[in-house]
Amino acid sequence: MPKFLSKRWHGQHMVWTFALLGALTIVLFLYEWVLGVAALLASGLVLYFSWKAESAFRHDLNAYLGTITHRVKKSAGDVISELPIGMILYNEEKEIEWHNPFVAKLAKKDSVIGDSLEDVLPSWKPGKEKEKEETYEVEQDGQVYKIWHRPEERLLYIRDVTDYVRLVQKHDEEKIAIGIVLMDNLDEVTQGMDDQTRSIMLARVTGEITEWAHRYGVYLRRTASDRFLILMNQKALRELEQNRFDILDEVRDLTMEYKLPLTVSVGIASGIEELEELGRVAQTSLDMSLGRGGDQVTVKAGQRISFYGGRTNAVEKRTRVRARVISHALRDLIKESDKIIIMGHRFPDMDSIGAAIGLLKAVQISNKEGYIVLEGINPSIEKLMAMIEEDEKLNRWFITPAQAMQITTQRTLAVVLDTHRASMVAEPKLFNLTHRVMVVDHHRRSEEFFHDAVLVYMEPYASSTCELVTELLQYFNEKMSLDALEATVLLAGIVVDTKQFSLRTGSRTFEAASFLRRNGADPTLIQKMLKEDLQAYIEKAEIMRHTEMMYDHIALAVGEQNHKYSQLMIAQVADTLLNMTGVFASFVICERPDGLTGISARSLGAMNVQIVMERMGGGGHLTNAATQLELTPQEAAAKLKQILQEIEEEEGLFE
């Protein structure tokens, strides 16, 4: 309100003033009528001028308010016209009834009244809940718009957020990612080389890695003869992932002329603000790459973990230093524990039971109390367990998961064999009672892992867990000797996992088998364990009858609907198919007795079946993997075909 209006006198105080003048005039009439008349005339004049002033005030006030209303209306119109936010009113047929000039600029037309919303905003797809207010972000003509939808008023607000989105993208692209590059089999490759040949090879590989880093704008710093530190932003990391880290193939091809090709493993971490934590996660990612066999890349971006490469078998380590160190550490752990609980994976196989019996021997030599947890007997170990039951000395140490829960304390050592995933052991709840966990496994490391294990012995190059346990026993005690049945069971685990020493065998595999033979292992007894009856052979032939070939070299067999097959039979069919001419990989899908659909995958090394099974929720080795799904066999087969097609389009199925 203007000052000249606020200074005017008006309101209740004027009424009281005139009331007082009237009272004084009456008093003057009582004392002197002449003075009373004069006072009356004076009061009348004051009243008249006051009324005129009040009328003028109200007239000026109304005029001022009218001016404000006009200005507000004019400003509102100007604001809507010049507002950097679009507004659209539409009818029930999704046709535009009104819009402001911002929308006309967006549509590049003078007017879009009467046009359909889909024509003006083709990128906008409203949600299913028609009455719910929602916010969308759409891209149109290279610009990004944010849309607020108010269905009740049939109103859209549109704002250009291109600059903000581009700024966010630039910020994300400039975030730092840390990686570690390691020549993972340098010692094995250079063993026996003279200094000159070794230097030339290292110079070639280092030059290749340096050129690769320069090509993608990656900062490279050598920290050791076989190790590099790399720094990059998210943009460079995305390019590396899109090209699936071609440095793996480049280094392998470069050194193919040597007896063993040199391979590199890479661990990368991103999506973390603290540099110290970023570096720690990068080392963890590298450990995961090495744990999966090397020659691959692990990228951990926030909660996402991606694997690249892994197309070659792990190179056997020719030195036993690690086995000796782990064996001595195991001996100390056993001595510090009150008892030892040994567990394999659910539905145990020969390798799992054999390794458990080998570890039990180490416990008994240490004069400690040890038990093997067994949840049930399945067809793959039925004959083996029948032999063990006849040996009262050995059979008495097998207990159920419930019994294991009752005797476990905080000082109990839990040894996990033939798996490194807590969800796959016989009794996962056991790890709530003790945190003293040791892992011995020969599978490639997956995302799920015992990160707080006190001792880990994972060697993907090994043929079986029984091979690893046999080596540990050799260094555990100088006077180590095994009973004939114990040695036979350990050898059986190696025989089964190597398919009669035909797959994944190295010099150390035969050395372990030789040690077991010297301790009385009986191959004839193993053959009796592995014998199958005629009906089982006929069922396997029936599954194989439905085999189809894909991509020329992949055999896929799906069992009959509503017919249940044991996991052992599924695996045996996959092994048999792999022996057929022209088959590089085999997949067998059947329904198991527990209602789940089991998939067994095998390959000769030209295809990494572990990657395929990991995408389906399972895992395993490059040449031997499996998974279980809550799908029908036909649904599982369709999912497998889709994943194979994706891998073929991304990087190709075969090496």
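The protein exposes about 33,400 Å². Carbon and sulfur atoms supply 54% of that area. The model is predicted.

**Overall build**

The protein has 655 residues, and 47% of them count as buried. Its secondary structure comes to 24 helices and 23 strands. A compact globule of 655 residues would have a radius of gyration near 26 Å, yet this protein has 41 Å. The C-alpha trace spans about 150 × 60 × 60 Å along its principal axes. Contacts also reach across the sequence. Among those with a separation of 6 or more, 63% join residues 24 or more positions apart.

| Property of the protein | Value |
|---|---|
| Radius of gyration | 41 Å |
| Span of the C-alpha trace along the principal axes | about 150 × 60 × 60 Å |

**Helix α9**

Helix α9 covers residues 234-242. Which of its residues are buried? They are Gln234, Ala236, Leu237, Leu240 and Glu241. Seen down the axis of α9, these buried residues fall within an arc of 155°, so they line one face of the helix.

Both ends of α9 have a feature to look at. At the start, Asn233 contributes a side-chain oxygen, which lies within 3.3 Å of the backbone nitrogen of Lys235. Just after the helix comes Arg244, with a positive phi of about 55°.

Technical notes:
Residues numbered from 1 in each chain as written. Predicted model: local features only at pLDDT ≥ 70, side-chain atom pairs only at ≥ 80, totals over all residues. Heavy atoms only, no water. Buried < 20%, exposed > 50% of the residue type's maximum accessible area, 1.4 Å probe, protein only. Helix = DSSP H or I, 4+ residues; strand = E, 2+ residues; numbered from the N terminus. Arc of directions from axis to C-beta. Polar contact = N/O pair within 3.5 Å; in protein donor to acceptor, adjacent residues only side chain to side chain. Rg over C-alpha atoms; globule rule 2.2 N^0.38 Å. Contact = heavy atoms within 4.5 Å. Areas by Shrake-Rupley, 256 points an atom, 1.4 Å probe, with all protein chains shown as cover.
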